[in-house]
Amino acid sequence: MLPQNRECTWWPALASSLLTAASLFKTSSKELYRQPLECLIAALPLIIVGNLAITLFNNRNGYGSLPLIIRCLASGLVLTAVIHGFTVLLGASLVDKFWSTLSFSALVANITVFSVVNQLGITQSELYVRVFMQHRPSSNAEVAAYMQTISILIGAWLGAIVIPLDWERPWQRWPVSCVLGALLGQAVGAVGTIVLYLMPESEEDKRKDE
Amino acid sequence: MNASYRRPFAIFLVWVSLAYTLGIYLFLNGFLLTRQTLHVESTHLSSPWNQFPLASGHDHVEKSIDMESIAQSKGISDIYEPPFQRAIIVLIDALRFDFLPKLGERPSDQFYTNRLPIVQDLLDQSPESTVLFQFRADPPTTTMQRLKALMTGSLPTFIDAGSNFASSDISEDHLLRHLTRRFKSTYFMGDDTWINLFSDVLNDNSRTFPFDSFKVFDLDTVDHGILGKLWPLLDGHLPQDQTRSSLTDTGSNSSQWDCIITHFLGVDHCGHTYGPSHPSMAAKLDEMNTMLQQLVQYVDEDTLLILFGDHGMSVAGDHGGESEEEVMSGLLLHSKRPLTLSRSKHTKGDLNQNYFQHLFSKIHRNRDKTLSYDHDAITTRLGYDATAYPIVSQIHLVPTLSYLFGTPIPFGNLGALIPDLLYPKQQVDDPASLLYFIQQFRINALQVYNYLTMYSSSGKHKGFSISALDPLFQILYAADRRLDDLSSQTTFKNWIGASLLSEKERNTLVEQLEDILMTYDEFLIATLKYCMAIWAQFDVGCMVAGSVILFAALLTIVGVFIKPSWIYTLHRAFNHTIVRLLTILGAAIGLIFGFVVAHLSTQESGLWYLYVARHGIFDKMSIFGWTATLAFMGNIAGLAIAVAVQSKLTLSAIQKCIQWISHNPDVNLVLITGLAHALTLGSNSFIVYEDSVVRFILASWSIYWLIRGVATSSHTLRSLKSSSDLWAPIITLLFIQVTATTGLCREEQQPQCAYIHSGSLSLMPFREADSSTNENAFVDKWLTVIATTAFLIVSIFLCTFLPEVLQQAWFPSSKPNRTSSTSYIWCKILYGLSIGLIMLRYIYLILENTSSTQYIVVSILQSSIYQNLSSVVIHLNGLTATQWLRMTTRLFQIYIPRLNYAIGGLFLSFALRKAWRPVDLKELEESAWIAHIGGTIILATIQRPIGGVIILCWPLMLQNLTRMSDKSSISKTLTARLVILHYLGEHLFFVTGHQAILTAIHWETAFIGFDEMYMIPNAILVSLATLAGFIVSWSSSFVVVSQALGDNQDPTLRQTIYQASVLLMSLFNFIPTTLSSIFIIVLRRHLMTWKIFAPRFLLQCILFFGSCLYLIAMEGIIGGNLSDVPLRQPKRTRQA
């Protein structure tokens, strides 16, 4: 069993968040509004490669590089499919704008996967089950991972609220508002992680750890 | 102990319901508009130049010139000469404008365009004696309101729209009264709404032939009935009623007619039943065309034929709203004499027809601008060039007909003359024609002026005070003054003096006269616009009072919902003396205040008038309103004091409460969801897309349910795969998305909206596909058929699972030995039978959709099998296709639904008997299931096919919602499931083809199972069909709640669960009701108030009353038993 690092790290979250923003707005903010699909497809490789670099550099529990990359990509793929499914179930069209939905799901899935891997590394499934299925994160690193995931997903979810309004703004079109929501969510998660990092561990927590 | 245990909650529910009812009553009192009707009859003016020139302040300006003599000297008569001697009024209900003119060939709407070629023929053959207008109705576009407007020339307000079922007598002055006075023998045939509205004049049974207007399935009875009376009458041999005394007939030709009014309903019924794009519509319009062709032959020089529709129809064939499709109808006038100057062949004077054409279009342009008619929107929506024909408002017909028939204009008319139809008798020159026009417009203006003065003096409405109307009157004064000024000019005098004018002088004179004419018209149209706005004036005082009460009641419920133990605090407070004291005091003060205010608002001075009454605030508050409001205020103040005294409300108590809330994520989420959904009612886009909003909330909560379910039961990844904790939410999500493909599109959702609706199902390829030349024609042609067949197969397949649901209903606790009980087997048979019947009915409905039924029946009749059969069964022989058709229609529309009502009723009564004295909560759950099944049978019977199948299959969904992997998740996920249930109800509302608009009401439901009109059952059926989704959701909550209760033995916990569930279900209706009322106050001047916000609020009010019924049922059945059951329960637990 690989050693578990209980402390959260702050910089990968921040770096990843900046990276997402940079890849989406690399030229100007207009591009995302004008051609959301093309912009997303162009940004995705950048985000994946950049995040992989961050993850490799951050490699928390000394996992082998190649398996780490493969695992990240594989879980990104699986999560993409799951998120795509739920997006459709939440009301996105199945046929119309299929590729937009898919690229949006890929974006959300990948930033989620990397923020989790950056905090928890690759460990046994029980830990993931405990943190994400039973909602019982205990250590700071787990709380950070949980917080980031939740804020990305909720951000993307909240982004849908503006779609029906008749303001006729470019950012109301699917999936721009949701991408922006996910982006904001990631930023919020990163800030939360920094706060968590700076907060001193309470006596109670220490006792629990022992 | 038990009685006191239960009573607090029941009392609380009663209190809340009463408070809400009072709040809604006050609010609607201020919100729904009412208009005063004046019982004054108009008479002929002694002269068109009465009181000339009008001026403000009654200081009579010295009459500089006698206009009357001028007019006479120029040979201008003050009336239309000679007035028509006979009138044929043909009203074709729902005659949309694009049915009338010749339009380019478009295959998509071949069923209704170019079906009335007679119109174009008349326009071509006799252009000067035929005029066609676009006839614009004011919303609401319901027949009764339109008839009122068409005859009185006034603007019926929204409140009248609700009384379409019980249309009552018109008390205002109306055109028909004047017409019947002028025409001795007026005949009426058609829609019986006329008889109800104009019973004062249409009371001669031998001359009126009313027909029932509500049988929308019946396309022909009314029309054929009319034709059966019309032709004999026109040909002069209508059999006279023998009972009439011979004295009145005096031996003369008794079938002489002066005025015939016909109201055809077939087109409207066809629209309601099949929509405009349907072969039946083509047949109906062809029939109308033949009728018109024949009718035109009876039109001579002295007869005026008036053909018009009272409103249009939407794309789906319904009406009631204010979309362009619904308001645009057509008006055609035809006679053998020339009717209009603008196409006159004989040039009159020296102005040619071009001049008049130009003048009329200028007047129409001005009117369109003032009343903001959007030509472009009409052109895009209806597909014809809207600029090609002038648009006239429906009420303009009233003064125009008065003019043409030489009757006084009805007293309350607000319409303006249609300039195109003004026609001076003699050959006069152009200034004289213009003066004639001015004269007619002044008669019209004077009538409107008199009406306004009378209205302002008789009512206390502040918008009609003389000072408020003054800006309008100034326009009229200006017009009179300018005419007066002009008459003293030399050019004018020269013209009067019949001296020759130079070209330039003449042109200036014409220009000046034209200007004056436009000013009169401006007065008329500005008045119309002003009145439209003023009758949309609300009583803000009443609305605010209502909202405050709603808000106070809501706060109390939310308090009890957050902290269930407050119910006891409240209960103790109710018994406190101070509450009673303050309530009585409040009522007394309110009573006195009411009388004082009633007295104060009669005077036009004082502080009350200055600050309150002048702005129309508390205008509509009655003495009862004041008493009830202040009593409620006293009551709530007393409660607040009593609660504060008792519970020693301190800061730490509040802190504790906040802490408690933060530890209950479910409570928070419920409140946030309710609030968020209610907040969306403040935005028109969210209301328009509410179906998607509801779906989003629903899917989000299903995901929350999934997360909760997975988190609470200690699952591993492996055990999860087969757990219903994972699959039940996912099935729910799939159900939502699959059903989301059907529904009804609001017109605001166009063109993005692509719902499959029941009307698009068909088992016969559409005819229009034949003409299309593309390669996929075959696929296109058969696509709907394939889709429909697939739909039917899937639904029949689903239905085969349904009887299994009964097993769950019978023994949730799975005691298989009861499977063989006879009652179970009987119920299963009955259930299966009614499912089969419902499916058969749907197949029939789909067949009828394409009118292929006729085809099938005929082909069966021709087939050899039938020939053989009929020879065996003797009495079947000799039946014609029509008879067969009528028999099948009766079978599916009347007998099968009746049978299903009976089966559903049987289930319901069985359930009720079981619930009466339940042994334990398990039995209660069983009876809830049985009642639910009975309910779905009845509700599915009255739905359209797609919605009906969804309702019918709902028990499967409910099974999914109540199937839990272990007991712990039953109560853990209860909140999530109840929230989902509520929103599923709303989702089902949309899925079954409803929207929060008047147009979307399924009126045809009223006659499922009934062949006659019975007011109350029909109204019940329509409301059941509309609220089917909510009813299903409410009744499902019985099942869910009783299941959750059955799994808890602790009586206190049970009470808490029960109370929380009931409050949760009602909060989701109470929060939106309160907030929506506040939004309406804020947005009352919004452009979309009547179109979007008001119908949504009315739906919310209906839902509130529905949820009150739900509360009563819940409290009566479960709440009542809850306090009884523990009496017997402890023994059982001890045994266990």
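**Notes on the model**

1. Helix 20 (residues 540–562) of chain B has 23 residues and spans 32 Å from its first C-alpha to its last, close to the 33 Å expected at 1.5 Å a residue. The expected span is 1.5 Å times one less than the number of residues; helices (H or I, at least four residues) are DSSP runs numbered from the N terminus. Because 17 of its 23 residues are buried, helix 20 of chain B is largely enclosed by the rest of the structure. Buried means under 20% relative accessible area (1.4 Å probe, protein chains only).

2. This is a predicted model, in which local features need pLDDT of at least 70 and side-chain atom pairs count only at pLDDT 80 or more, while totals for chains, interfaces and linings use all residues. Residues are numbered from 1 along each chain as its sequence is written, chains are lettered from A and ligands numbered from 1 in the order in which they are written, and side-chain values use heavy atoms, with hydrogens and water left out.

3. B:Ser685 lies in helix 27 (residues 684–688) of chain B and is buried, at 5% relative accessibility. Apart from neighbours within four places in sequence, B:Ser685 contacts (heavy atoms within 4.5 Å) A:Pro164, A:Leu165 and A:Asp166.

4. Over all chains, 0 disulfides (pairs of cysteine sulfur atoms within 2.5 Å) are found. A:Cys72 is buried, with a relative accessible area of 1%; B:Cys259 is buried, at 0%.

Note on methods:
Helix = DSSP H or I, 4+ residues; strand = E, 2+ residues; numbered from the N terminus. Buried < 20%, exposed > 50% of the residue type's maximum accessible area, 1.4 Å probe, protein only.
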